[in-house]
Amino acid sequence: MVSTAAPAASQAASPGVDGDIVIETRGLAKVYRDFWGRQKVRALKGLDLTVRRGEIFGLLGPNGSGKTTTIKLLLGLLFPTSGQAFVLGKPATDVAKNERIGYLPEESYLYKFLNAEETLDFYGRLFNLPKAVRRERTQKLLELVRVTTAKKRRLREYSKGMTRRIGLAQALINDPELIILDEPTTGLDPIGCREMKDLILDLKRQGKTVLMCSHLLADVQDVCDRIAVLHQGELKELGRVDGLLKVRDVTELRASGLSDECKTELAAVVAKHGGKLIGLDNPTTTLEELFLEIVQDAEARPGRRAASESST
Amino acid sequence: MDTFQTTSFADQLSAGLVTWGTTVGITLGVMLLVCYVFTAIRLGPLSAGDRIYSVLVSAVGDLLFISPRRTFAIAWLAVKESIRKQAVAGLIIFLVILAFALWFLDSETYDPSSLYISFVMNAVNYLVLLLAVLTAAFSLPNDMKNKTIYTIVTKPVRPSEIILGRILGFTAVCTIPLATMGLCSYLFVVRSLDHRHELTEADVRPIVAGPATRNVKPGSKQGSTSTAHSHRHKVTVDADGNGVTETNDSDRIEMDDAVDFHDRFGSSHWHVVTGELRDGRMVYHVGPPQGQFHARVPIKGLLRFKEADGTASKEGYNVGNWTKRGYVAGGTLSAAVFTFDGVDPNRFPEGVPLEMNIRLFRTTKEGMDKPIIGSLIIRNPITGLSSAPRNFAAREYVTLQQIIPRKLTDSKGKTLDLFDDLAVNGRVEIELQCIPRSQFFGVGPDDVYLLAREGRFDVNFLKGLFGIWLQMVLTVVLAVVFSTFLSGPVAMLATAAAVIGALLRPFIVNVVRDNLFEGKAHTGGVLESMVRLTDQRAITLELEEGTTTSLIQSIDKVLNSLLDGMFTFIPDFSALNDVNSVAGGFDISSSLLWMHTAQTLGFVLPLFLVGFIVFKLTEVAK
């Protein structure tokens with residue numbers, strides 16, 4: 001359907017002069033309409049958001065909260081019903097901004113009839129990169145995402161995880177300043193998830209800005225500096241992850257090698273000072289940590305098998 | 001025979017550009033107005049104006065800064081997609097058609113080359129158009145559906161590059177099978193019609209001396225070749241065994257005593273015979289067929305007629321046929337007069353070759369199978385000095401060829417020089433008359449022409465393929481444009497409808513205009529035709545007068561006007577189709593090729609603009 005709310009490259013005022021701002025939205029709203037122009041759903045309601053250079057910003061929210069709509073509006077895949085969106089100082093509908101953006105869609109959406117090498121070369125050509133640069137970056141990225149050995153295979157033969165990794169490689173072909181990741185860990189095994197998160201942190205270390213949205217709260221918690229929580233198209237929470245998660249009236253003490261007597265004494269000290277002991281027990285690790293530990297152990301000592309079911 | 005363009009490309013270009021510019025300008029203006037109205041309804045008039053202005057400014061940038069690398073990358077993707085996703089189905093179908101074609105093509109027909117060429121070229125034409133529709137209509141909608149377009153439009157790719165890249169890509173995709181089919185067709189035609197005759201010593205007899213054979217060299221022999229491809233040739237060989245066969249249709253011609261010169265018919269062929277003395281016996285080798293394929297370059301003249309009493313007339317007699325031809329009444333002063341330019345000795349040192357395709361209209365049954373005698377007079381257009389009439393025998397559907405010699409005589413036997421006495425600055429008149437009373441000759445402006453030269457058939461075949469290629473390009477562009485706003489199957493149907501409309505455009509436009517304008521044949525509009533179909537009423541019977549009929553005819557008038565307007569935007573594929581010229585053995589002039597190219601570009605440019613604007617205004621994500 002053709003939208004009459006056409007892209008307007010020059011009608012909007014430019015964002016603030018602050019060169020640190022990579023993404024800025026002002027009262028950004030999107031209403032989906034049916035063929036007859038009747039309102040179907042109000043997906044986004046007056047979103048004001050700022051993403052600064054060099055940070056990892058997470059968009060959180062349940063299904064239908066407006067995360068993907070926000071990303072599509074920022075990429076110019078949708079036109080806003082009202083409000084403005086600026087990316088790297090340009091209106092979101094200006095294709096020139098895409099020169100410095102890398103985008104990994106939710107399902108990768110790649111051409112299955114191409115092989116990995118052709119895919120990266122094709123996207124490199126879309127950035128007008130010369131042949132030598134394309135070749136160099138293609139090899140480098142194939143190594144980074146570990147599909148060098150399968151580079152001549154067509155993508156239709158790839159597993160979901162491999163396709164995801166090629167999707168990430170195509171998002172980095174232009175060495176972008178801003179990387180937009182839609183559910184980056186979808187379809188990846190725990191090792192792949194960890195590698196993806198490491199890579200995101202590495203991109204941050206290179207000074208790049210990352211905007212990601214995810215359902216997996218642990219992923220967001222692990223890598224994001226700041227998050228925005230959306231619900232039914234409205235911004236409900238915005239701030240630094242560490243600040244938002246800090247429980248101010250609870251004190252955590254982590255120590256190792258304590259005897260049972262010492263633990264009893266600690267409980268007595270808490271009681272003496274009028275505090276309430278919430279818990280004094282051995283902590284459990286995360287399942288992710290346990291899984292990675294097992295895999296690393298298996299790789300170090302191949303052939304070893306589990307002796308029996310672990311006792312609780 | 002096909003009609004030819006008599007005016008040059010340069011003559012028509014300026015007038016055509018004005019019409020084209022006006023039509024495109026008005027169309028784009030109307031589109032812009034519609035967009036403004038719709039936007040204004042939602043955003044208000046000021047914001048709408050602002051939006052439209054912004055879109056126009058960025059659209060100009062999109063058109064001016066098209067990156068060749070990105071465009072070719074998109075084109076490359078289209079080629080890869082087509083090659084990897086769709087097998088060469090079109091090619092396989094074509095090869096199957098060719099494999100079985102020989103079962104149905106009649107090599108005994110009078111002009112098999114014409115039949116073979118028109119069959120294969122038309123098959124190529126329709127298959128390539130089908131391939132273009134199927135290939136180009138689904139790609140963009142599939143990209144939208146699979147969301148692979150997300151990874152394209154989030155790169156710095158302009159909408160103009162996406163549309164242009166796809167047009168170029170699918171053009172390349174369809175050009176490969178067209179070229180392959182073209183080559184196969186050419187080889188098929190040439191190889192299928194190639195044949196050899198046998199000639200042995202037993203087939204020839206010494207020529208008996210007599211008055212009719214006084215020009216024959218001593219020791220010559222005469223006979224007939226063996227039969228191949230359902231015909232054989234009469235042949236005369238000299239004492240060394242060398243000679244040339246007569247044409248394959250020579251035995252079909254019954255010459256009349258009244259005929260002054262014997263014609264060679266346009267589509268006939270002959271063979272060169274060489275002899276070799278081996279062990280005291282003469283062994284004859286009959287060569288491949290000669291003169292089977294033609295690419296005649298005609299010089300056409302201006303035609304006017306004379307009435308039965310010799311007075312000037314713009315049109316000839318109308319014998320009831322719905323053609324562009326005028327008829328000349330036999331046995332009267334009625335005549336068709338052609339005025340030719342460019343008749344000079346440098347171009348025609350050996351005399352002027354003339355070819356005629358004359359339609360015969362017989363009003364008596366007598367001698368139905370015999371030719372009708374006509375006469376030609378070559379006349380000086382200024383002084384009126386004329387040659388003596390030269391009689392010829394005209395037959396149905398046959399191209400008559402003859403050379404007008406440089407030296408002619410007038411009716412008193414005085415010698416006339418064609419270039420010195422009869423041509424004035426290269427201009428000469430040729431008057432054609434029908435001799436027998438009650439018979440008629442029909443000619444149109446394209447039917448009698450001077451043969452400037454014989455072009456190369458293979459090059460002409462390639463020119464014919466170029467016309468098909470242009471139709472294919474237009475089909476690809478239509479499919480890509482439709483696919484910017486329609487789903488795959490709907491885009492395919494819309495393109496197919498447009499292509500059928502383009503193939504039938506002259507017919508549809510004629511019917512619509514005949515019904516729209518007074519004084520033309522009334523055949524009824526859409527509704528009236530439906531009524532006539534249901535109550536089986538003939539076209540000659542008027543509908544009963546009344547409110548219903550008035551209503552039907554009023555609605556038909558609106559529908560006809562809409563159709564008339566709509567077909568302004570539909571290209572005319574028949575105008576780009578030169579298959580009849582190639583099959584008829586006529587060279588396609590470079591001027592005509594330029595006109596075809598200009599006509600195609602005239603549609604491609606605005607269609608590209610429409611596709612680009614629509615895609616630019618389309619939200620890629622739904």
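## Basis of the description

A residue is called buried here when its relative accessible area is under 20%, exposed when it is over 50%, and partly exposed in between, with a 1.4 Å probe and protein chains only. The model is predicted, and for that reason local features need pLDDT of at least 70 and side-chain atom pairs count only at pLDDT 80 or more, while totals for chains, interfaces and linings use all residues. Residues are numbered from 1 along each chain as its sequence is written, chains are lettered from A and ligands numbered from 1 in the order in which they are written, and side-chain values use heavy atoms, with hydrogens and water left out.

## Aromatic pairs in chain B

Rings of Phe, Tyr and Trp (its six-membered ring) pair if their centres lie within 6.5 Å, and planes under 30 degrees apart count as stacked, over 60 as edge-to-face and the rest as tilted. By this rule there are 19 aromatic pairs over all chains. One of them joins B:Y317 and B:F440, whose ring centres are 6.3 Å apart and whose planes stand at 70°, so the pair is edge-to-face. This pair links distant parts of the chain, 123 residues apart, with B:Y317 in the loop between strand 10 (312-313) and strand 11 (326-329) of chain B and B:F440 in strand 21 (residues 439-443) of chain B; helices (H or I, at least four residues) and strands (E, at least two) are DSSP runs, numbered from the N terminus. B:Y317 is partly exposed at a relative accessible area of 28%, whereas B:F440 is buried at 17%.

An edge-to-face pair is also formed by B:Y327 and B:F361, with 6.2 Å from centre to centre and 70° between the planes. Because B:Y327 lies in strand 11 of chain B and B:F361 in strand 14 (residues 359-362) of chain B, the pair ties together parts that are 34 residues apart in sequence. B:Y327 is buried, with a relative accessible area of 4%, and B:F361 is partly exposed at 26%.

## A cluster across chains and charges over rings

Ring pairs connect A:Y111, A:F113, A:F122, A:Y123 and B:W76 into a cluster. The charged end of A:R125 sits over the ring of B:W76, 5.2 Å from its centre, where such a contact requires NZ of Lys or CZ of Arg within 6 Å of the ring centre and within 35 degrees of the ring normal. In chain B, B:R296 lies over the face of B:F586, at 5.0 Å from the ring centre.

## Positive phi in chain A

A:R146, although not a glycine, has a positive phi of about 60°; A:R146 is found in the loop between helix 3 (131-144) and helix 4 (160-171) of chain A and is partly exposed, at 47%.
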